[in-house]
Amino acid sequence: MGPARARCAAIGILLVALVATSCRGPVTSAPETSSAAVPAAEARPLVIFVRSEPTSVATRPFLQRSASLRTTQRVFNALPSLQDGRGLPPQPELLASLPALNTDSWKVFPDGRMQTIYTLRPNLTWQDGVSLTADDFVFAWRVYASPELGFAGQPPMSVISDVATSDREHFVIHWKGPYPDADALSQDGRELPALPQHILGSAFEQVATSGRDSVANHPFWSQQYVGLGPYRIQRWEVGSFIDAVRFERYVLGAPKIARIQLRFSSDQNVVMASLLAGEAHAATESSIPNYPEALMQQWDRTRAGRVFSWPSSYRAMMLQLRPELANPRAILAPRIRKAIAYAVDKQAVSDAVYAGQAVFADTPVWKGSAWGGAIDDSIPVYPMDPRASENLMNEVGFNKGSDRFYRATDGQLTLEIATTESPDAIRELPVMADRLQAAGYHVEQRVIAAALSQDGQLRSTFPAVQITGTFMGEVGLEGLSSTQIPTPSNRWIGLNRGGWASPDFDGLLDTFKVTLAHGDRLAVMRQMLRAYGESLPWISLFFPAQAFAQVTELKGPAPVVPEASVAWNIYEWEFR
């Protein structure tokens with residue numbers, strides 16, 4: 001090791017030690033079970049950095065979802081089906097097989113109602129050793145469909161009439177109408193995960209008398225989580241890390257790596273130093289830059305590791321379209337929103353923040369995804385065009401004053417642009433604001449602290465513009481439904497934080513939801529994208545490339561399609 005590399009290693013070790021010491025918080029250890037018995041020779045953990053400490057590792061917790069937590073959630077969870085990394089149809093995970101359309105397992109009745117039958121694999125258990133049965137899926141539906149808990153209006157609960165069991169390994173869902181993902185029950189944002197009735201049952205029975213907190217605030221959702229996935233929580237040190245041990249009875253086989261430690265750090269320099277020093281072995285979920293040039297260059301020389309990336313989410317400027325909240329009210333006009341879109345300089349942001357490698361977005365659908373066939377020239381797009389921006393502003397009565405900013409008879413147009421704290425976002429915001437100001441838009445910048453990133457009410461009551469990341473593709477479009485608008489009545493749960501309500505879009509989405517053939521669904525999605533482009537509730541920016549860094553000793557991770565988690569096959573990973 002040369003002097004420069006030795007210094008880097010020493011700095012990395014020191015930084016990681018300092019972070020671990022300063023972030024140390026209360027420790028919660030899971031009860032020991034036989035699955036925690038790991039031979040001493042295998043005691044070395046695989047250390048993976050993620051940027052944010054999750055409030056919950058559940059796939060469907062009672063708080064705002066995040067597209068960036070797929071890896072963390074995959075570690076601890078198993079679902080009815082599993083999306084593999086190649087984008088093939090979902091594969092059975094907890095199920096022995098998936099229901100097949102037009103068979104006894106998936107019937108569509110003349111009036112549009114459906115029935116699907118599911119068969120669990122035999123001898124499934126929760127991570128605490130209690131058997132998983134079909135009753136746990138019936139219980140999950142009862143919980144998520146409970147109006148008091150805020151998920152009743154979300155798919156698939158909104159289209160299920162009831163769930164029943166015939167025995168311990170079979171359950172039946174009766175549907176109010178056609179539902180294309182009835183076979184999988186595991187699509188992002190539309191999962192029906194099993195819930196442990198033996199843990200949450202008594203708390204759920206108290207909802208009617210004590211309110212939602214008896215379930216929503218149950219320790220099961222945090223440090224005492226018991227899942228079905230490849231790993232189970234052994235120890236959760238708040239603010240620092242989660243120690244996980246392999247679950248020997250995981251449905252697809254005991255993971256090859258005995259122990260994993262998920263460390264949390266929002267300081268990308270600390271994470272990269274730790275990787276270079278050998279203190280960490282992988283990093284994902286925005287814990288390193290999307291394009292970590294320094295790390296890649298050093299690893300290219302030393303062959304100590306590699307970095308790969310894949311588009312995994314959608315980044316856009318969400319506009320506030322609730323009349324009671326919008327300030328300035330001018331953003332309620334589609335022509336104003338289109339004018340702003342024409343002034344956005346994506347290339348400048350890409351060059352300054354993403355090494356010029358950002359994948360530009362015009363809609364929530366990426367051409368390289370499973371839904372890319374919906375993209376064609378009929379969909380309105382808004383590439384940077386300052387003249388088009390100015391023409392639209394002039395048409396609605398805004399002209400540039402002596403200070404070169406737009407103003408109308410009632411005063412200057414000022415846009416507050418907010419973003420959630422992260423290393424890339426903090427670098428992105430000033431570049432975005434500078435270029436918009438050069439185009440004539442007076443901008444005030446606001447950064448929402450990372451600790452508040454899952455505060456649904458705060459994230460939904462912004463006055464003008466919020467730059468945010470969310471799900472791409474089908475889930476991203478469903479998140480624009482009026483049913484996804486966060487409100488006090490649904491506990492501020494929902495992806496449509498800007499409050500866009502379009503009857504035309506909602507009608508197309510309703511059609512999309514009940515269309516079963518993929519080709520027909522593409523045609524409906526194309527119409528949805530046109531409606532989106534004509535109204536422009538969000539201004540598309542990028543499809544951020546999720547970066548994954550790994551040392552050469554780690555085998556198994558690989559780039560995946562946007563609909564999958566890079567950790568889909570974590571039970572097969574090897575670390576030596």
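Where is the place of Glu-237? Select Glu-237 and see: this residue belongs to strand 10, which covers residues 231-237. Keep in mind that the model is predicted.

**Stop 1: Glu-237**

Stay on Glu-237. Is this residue buried or exposed? Its relative accessibility is 1%, so Glu-237 counts as buried. The cut-off for buried is under 20% relative accessible area. The side chains of Glu-237 and Arg-235 make a polar contact, at 3.2 Å.

**Stop 2: strand 12**

Next, select residues 259-264. This is strand 12, and it is mostly covered. Of its six residues, five are buried.

Now bring in strand 11, residues 241-246. Strand 11 is also joined to strand 12 by five bridges, but this pair runs antiparallel. Pick Ile-242 here. Its bridge partner in strand 12 is Leu-262.

**Stop 3: helix 9 and helix 16**

Clear the view. Select residues 334-343 for helix 9 and residues 518-535 for helix 16. Two packed helices are described by the angle between their axes and by the distance between those axes. Here the angle is about 90°, and the axes lie 8 Å apart. Helix 9 is therefore roughly perpendicular to helix 16.

Which residues make the contact? On helix 9, select Pro-334, Arg-337 and Lys-338. On helix 16, select Gly-533, Glu-534 and Ser-535. Colour them by class. The contact of helix 9 with helix 16 has three charged residues, two polar and one nonpolar.

**Stop 4: Leu-452**

Last, go to Leu-452. This residue sits in the loop between strand 20 (442-448) and helix 13 (456-460). How exposed is Leu-452? Its relative accessible area is 38%, so Leu-452 is partly exposed.

Finish with a distance. Draw a line from the C-alpha of Leu-452 to the C-alpha of Thr-420. It spans 8.3 Å in space, while the two residues are 32 residues apart in sequence.

Conventions: Residues are numbered from 1 along each chain as its sequence is written. This is a predicted model: local features need pLDDT of at least 70, side-chain atom pairs count only at pLDDT 80 or more; totals for chains, interfaces and linings use all residues. Side-chain values use heavy atoms; hydrogens and water are left out. Axes are lines fitted to C-alpha atoms, for helices over the stretch in contact, and angles run from 0 to 180 degrees between N-to-C directions. Helices (H or I, at least four residues) and strands (E, at least two) are DSSP runs, numbered from the N terminus. Angles under 35 degrees count as roughly parallel, over 145 as roughly antiparallel, 65 to 115 as roughly perpendicular and the rest as oblique. Contact means heavy atoms within 4.5 Å. Ala, Val, Leu, Ile, Met, Phe, Trp, Tyr, Cys and Pro count as nonpolar, Asp, Glu, Lys and Arg as charged, and the others, Gly among them, as polar. Buried means under 20% relative accessible area, exposed over 50%, partly exposed in between (1.4 Å probe, protein chains only). Two strands pair if DSSP finds at least two bridges between them. A polar contact is a pair of N or O atoms within 3.5 Å; within protein, one must be able to donate a hydrogen and the other to accept it, and residues adjacent in sequence count only if both atoms are side-chain atoms.
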